[in-house]
Amino acid sequence: MTGSGKTGLCIDLIEEAALDRVPAIIIDPKGDITNLLLTFPNLEAKSFAPWINEEDAAKKGLSLQISASQQADLWKNGLLKWGQDGSRITAP
C-alpha cells in the first residue's frame with residue numbers, strides 16, 4: 001500500500017548493508033533508491049544548492065540559497081534526532 005514505508009525500509013537496509021560492507025544487487029524500477037548516491041557529508045547549504053528546484057523555491061517565496069539552507073538544516077536536525085551527524089555519511 002502506498003505510504004506504508006516500503007521504500008524507507010529498503011533504503012535503511014541498503015544503508016546498513018553498505019556500512020557493514022555487505023554487497024547488494026539493487027533493482028530499482030521506480031528510481032527511488034538512486035538518491036542514496038546523493039551525499040552531503042558537511043551538511044552545508046552550498047552542497048544542497050545544485051539539487052534545489054529553483055521554481056519550487058520561488059513558489060514558496062524563497063531564494064535558492066535560503067531554500068538550500070533550510071534543506072541542510074532539515075538534514076542536520078533529522079540526523080541529530082537519531083544521534084547521528086555527518087560523519088556517518090562519510091563512513092568508509
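Select Lys46 first: this residue is exposed, with a relative accessible area of 62%. In this tour, buried means under 20% relative accessible area, exposed over 50%, and partly exposed in between, computed with a 1.4 Å probe on protein chains only. The model is predicted, so local features need pLDDT of at least 70 and side-chain atom pairs count only at pLDDT 80 or more, while totals for chains, interfaces and linings use all residues. Residues are numbered from 1 along each chain as its sequence is written, and side-chain values use heavy atoms, with hydrogens and water left out.

**Salt bridges**

Glu44 is partly exposed, at 32% relative accessibility. Side chains of opposite charge can pair when their charged atoms come close.

How many salt bridges does the structure hold? There are two. For the other, select Lys76 and Asp73, whose side chains meet at 4.0 Å, N to O. These residues stand three apart in helix H4 (residues 64–81), so about one helical turn separates them. Helices (H or I, at least four residues) are DSSP runs, numbered from the N terminus. Lys76 is partly exposed at 32% relative accessibility, and Asp73 is likewise partly exposed at 37%.

**Along helix H4 to Ser67**

Remain on helix H4 and select Ser67. Ser67 is buried, with a relative accessible area of 12%. Leaving aside neighbours within four places in sequence, Ser67 is in contact (heavy atoms within 4.5 Å) with Ile52, Ala57 and Leu62.

**Aromatic pairs**

Next, display the aromatic rings. The whole structure contains three aromatic pairs. Rings of Phe, Tyr and Trp (its six-membered ring) pair if their centres lie within 6.5 Å; planes under 30 degrees apart count as stacked, over 60 as edge-to-face and the rest as tilted. Select Phe48 and Trp75: their ring centres are 5.0 Å apart and their planes stand at 80 degrees, so this pair is edge-to-face. Phe48 belongs to helix H2 and Trp75 to helix H4, so the pair ties together parts that are 27 residues apart in sequence. Is Phe48 buried or exposed? Phe48 is buried, at 3% relative accessibility, whereas Trp75 is partly exposed at 31%.

Beyond neighbours within four places in sequence, Phe40 is in contact with Ser47, Phe48, Trp51, Trp75 and Ile89.

**From Phe40 to Ile89**

Now move to Ile89, in the segment after H4. Ile89 and Phe40 are 49 residues apart in sequence and 7.4 Å apart in space, C-alpha to C-alpha. Ile89 is partly exposed, at 27% relative accessibility. Leaving aside neighbours within four places in sequence, the contacts of Ile89 are Thr39, Phe40, Pro41, Leu43 and Leu79.

**Two loop residues with positive phi**

Select Leu43, in the loop between H1 and H2. Leu43 has a positive phi of about 50 degrees although it is not a glycine, and this residue is buried, with a relative accessible area of 7%. Then select Arg21, found in the loop between helix H1 (6–19) and helix H2 (45–48). Arg21 also has a positive phi, of about 60 degrees, and is not a glycine. Arg21 is exposed, with a relative accessible area of 61%.

**The nonpolar core**

Which residues make up the largest nonpolar core? Select Phe40, Leu43, Ala45, Phe48, Ala49, Ile52, Ala57, Ala68 and Ala72, which are its nine residues. The elements giving two or more residues to this core are H2 and H4. A nonpolar core is a set of buried Ala, Val, Leu, Ile, Met, Phe, Trp, Tyr and Cys residues joined through side-chain atoms within 4.5 Å.

**The largest pocket**

Finish at the largest pocket, which holds about 1300 Å³ of space. On a 1 Å grid over the protein atoms alone, a pocket is an open set of points where a 1.4 Å probe fits, with protein on both sides within 12 Å along at least five of seven lines; lining residues have an atom within 4 Å of a point. The lining of this pocket has 32 residues, of which Ile11, Glu15, Leu36, Trp75 and Leu79 lie nearest its centre. H1 and H4 each supply at least two residues of the lining, and H1 gives the most, with eight.

Key. Points joined across faces, edges and corners; volume = space filled by probe spheres on them.
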